[in-house]
Amino acid sequence: MELDAIDRRILAALQRDGRLTNVQLAEEVGLSPSPCLRRVRMLEVAGIISGYSAALDRQRIGLGLTVFVGVKVERHRDETAAAFREAVQSVPEILSCHLVSGEADFLLQVVVPDLAGYERLLLGTLLKMPGVIDIRSNFAIQTVKPPGPLPLNHLPGPRGGHKA
């Protein structure tokens, strides 16, 4: 699905405030409500909008420690890596998991209440995951820039060009 300027405005508005009503969204992007709703539904069906959620303050809900965990797995069997990927899905403390290049095979973003919570997760879960042979932990001292909206102004345009 190619995104035009209106689709980009819809996506930008929803990234800023996912609680906008369709009427508010339509007004903001310059459409009437019916065509706006049709476009939002098309973006959802295409998987471009994958869901809606609330942004929570980790500190205020008691998940004050963020750890970036580099995990090295055995490379002898594809089944081992697949089992690791599957195991990661069931651990709620793991916010994201990326297959990466470099010293680690996977990079995990983990949130826990504190150092003792990370120790429990490390010893009780992470080190017991299939194929894990090494783990390197990096603790976030301060969040300089929290996760934000995707940079939609850098997407290819409808005719393959880039919008600056």
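Start by selecting residues 3-64: over this stretch the chain is 53% helix and 0% strand, and the end C-alpha atoms lie 38 Å apart. Helices here are DSSP runs of H or I with at least four residues, strands are E runs of at least two, and both are numbered from the N terminus. The UniProt record, an unreviewed entry, places the feature "domain: HTH asnC-type" at residues 3-64; UniProt positions follow the numbering used here, feature names are shortened, and annotations may be inferred rather than shown by experiment.

The model is predicted: local features need pLDDT of at least 70 and side-chain atom pairs count only at pLDDT 80 or more, while totals for chains, interfaces and linings use all residues. Residues are numbered from 1 along each chain as its sequence is written, and side-chain values use heavy atoms, with hydrogens and water left out.

Next, select helix α4, residues 78-89. Its 12 residues reach 17 Å from first C-alpha to last, close to the expected 16 Å, where the expected span is 1.5 Å times one less than the number of residues. Show the side chains of Thr80, Ala81, Phe84, Ala87 and Val88, the buried residues of α4. Buried means under 20% relative accessible area, exposed over 50%, and partly exposed in between (1.4 Å probe, protein chains only). Looking down the axis of α4, its buried residues fall within an arc of 120°, so they line one face of the helix; the arc is that of the directions from the helix axis to the C-beta atoms. An α-helix has 3.6 residues a turn, so residues three or four places apart point the same way.

Turn to the face of α4 away from its buried side to find the exposed residues Asp78, Glu79, Glu86 and Gln89.

Now look for ring pairs. The whole structure has two aromatic pairs, counted when ring centres of Phe, Tyr or Trp (its six-membered ring) lie within 6.5 Å; planes under 30 degrees apart are stacked, over 60 edge-to-face, and the rest tilted. Phe84 and Phe106 have ring centres 4.7 Å apart and planes at 40°, so this pair is tilted. Phe84 is in helix α4 and Phe106 in strand β3, so the pair ties together parts 22 residues apart in sequence. Both Phe84 and Phe106 are buried.

Finish at Tyr118 and Phe139, whose ring centres are 5.6 Å apart with planes at 90°, so the pair is edge-to-face. Tyr118 is buried at 3% relative accessible area, whereas Phe139 is partly exposed at 36%.
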